[in-house]
Amino acid sequence: MTAMLPSLALALLCLLRAGAEVPVQQGFSAEKFAGRWHIAAVASNCSVFLKMKDEMKSSITTISFMPEGDLDMKLAWPLPDGCQTFELLFQQSGEAGHYTAAEDRRDLRVMETDYSGYAIVHELQRKEQESSTGLQLLTREQDAGPQLLQKFKELIPTMGLTEDMLAILPKSGEHRDSAGRA
Ligand SMILES: *[C@@H]1O[C@H](CO)[C@@H](O)[C@H](O)[C@H]1NC(C)=O
C-alpha cells in the first residue's frame, strides 16, 4: 500500500498549465479558507489520475496555515483496505491565494471560493516527463449539488481540459479500518 502513495498523491495533485493566466479569488482570506473540505470533483490531464479516476472516491482535505502564511494540506484518502493520510506543504507566493511547492514544481491557486460552501482550486505540476494541469471542486458539505457541478464543468474547457478528464468522486461513506470493517 505504501507503494501506492506516490501515485495517489500524483493522481490528486498532478495538475498543470504552464504559463496560463489563472485567476485567483480577489481579497483571498486564508483564515476563512482554512478547515475541512470534501474533494467533490477533480478534472485533470495527468496520466496517473486518468488511469485511476474511475476508482477514486471522495476524500477529505484539511487546510491550515502556518504563522508565516504557508499552506498545510492534509489529505485522508479512502482505499479499499483502509484510509491513507498524507500531508503537503505549500509556500506562500507573492499573491494571496497562490502557493507553490518548489521541490515538486507544484503550483496551487484558489481560483474562487465563498469560503462557506465551495472552492475551486487550480493546480499545476511541472515535471521533466510530463506537465499536467487540473482543477478540484472542494465543498464544505459532502454533496456538491447540481449547480456547483455545472459551474465546475463550465470551467473545465477554460483551463484547456476536456470533460472526459472529469471525475465526480462518489461518497466514500465511513472510513474503514485496515481489517476492512466499517
Ligand atoms: C495538460 O494540459 C496542459 C495545458 O493545456 C498542457 O500544457 C500539458 O502538456 C497537458 N499535459 C498532458 C499530460 O496532457
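**Notebook: strands, cores and salt bridges**

I began at the hairpin that joins β7 to β8 through six residues. The strands here are DSSP runs (E, at least two residues), helices are runs of H or I with at least four residues, and both are numbered from the N terminus. The model is a predicted one, in which local features need pLDDT of at least 70 and side-chain atom pairs count only at pLDDT 80 or more, whereas totals for chains, interfaces and linings use all residues. Residues are numbered from 1 along each chain as its sequence is written, and side-chain values use heavy atoms, with hydrogens and water left out.

**Entry 1: β7 and its partners**

I looked up the pairing of β7 (two strands pair if DSSP finds at least two bridges between them). β7 and strand β8 (residues 132–139) are antiparallel and share eight bridges. I noted that E123 has G134 as its bridge partner in β8. Toward β6, I found seven bridges, and β6 and β7 also run antiparallel. V110 stands opposite V121 of β7. The hairpin of β6 and β7 has four residues between the strands, and Y115 in that turn has a positive phi of about 70°.

I then asked which residues of β7 are buried on each face. Y118, I120, H122 and L124 are buried on one side, and A119, V121, E123 and Q125 are buried on the other. Buried means under 20% relative accessible area, exposed means over 50%, and partly exposed lies in between (1.4 Å probe, protein chains only). Eight of the eight residues of β7 are buried, so the strand is largely enclosed by the rest of the structure.

**Entry 2: nonpolar cores**

I searched for nonpolar cores, each a set of buried Ala, Val, Leu, Ile, Met, Phe, Trp, Tyr and Cys residues joined through side-chain atoms within 4.5 Å. The largest has 27 residues, and F33, I39, L71, M73, F90, L108 and L138 have the most contacts inside it. At least two residues of this core come from each of β1 (35–44), α3 (47–52), β3, β4, β5 (98–101), β6 (106–113) and β7 (118–125). β3 gives the most, with four residues. I recorded a second, separate core of 19 residues, whose members include M111, I120, L148 and L149.

**Entry 3: salt bridges**

I counted six salt bridges in the structure, taking as a salt bridge a side-chain nitrogen of Lys or Arg within 4 Å of a carboxyl oxygen of Asp or Glu. K74 and D72 form one of them, at 2.9 Å from N to O. D72 is buried at 3% relative accessible area, while K74 is partly exposed at 40%. The side chain of K74 also meets that of E87 in a salt bridge, at 3.7 Å from N to O. E87 lies in strand β4 (residues 82–92) and K74 in strand β3 (residues 71–79), so this pair ties together parts that are 13 residues apart in sequence. E87 is partly exposed, with a relative accessible area of 47%.

I next examined D107 and R109, whose side chains meet in a salt bridge at 3.3 Å, N to O. D107 is buried at 5% relative accessibility, and R109 is buried at 11%. Salt bridges with shared partners join D72, K74 and E87 into one network.

**Entry 4: the whole chain**

From the N terminus on, the elements run α-α-β-α-β-β-β-β-β-β-β-α-β. Of the 182 residues, 49% count as buried. The protein exposes about 9100 Å², and carbon and sulfur atoms supply 49% of that area; I note that accessible areas come from the Shrake-Rupley method with a 1.4 Å probe, and that for residues only the protein chains shown count as cover.

I also checked contacts (heavy atoms within 4.5 Å). Among contacts with a separation of 6 or more, 59% involve residues 24 or more positions apart.

**Entry 5: confidence**

Where is confidence lowest and where is it highest in the protein? The lowest value is in helix α1 (residues 5–13), at a mean of 58, and the highest is in helix α2 (residues 30–33), at 97. pLDDT is the predictor's confidence in each residue, from 0 to 100. The protein averages 84, and 80% of the residues score at least 70. Over residues 174–182, pLDDT stays under 50, and the model has eleven contacts beyond four places in sequence for them.
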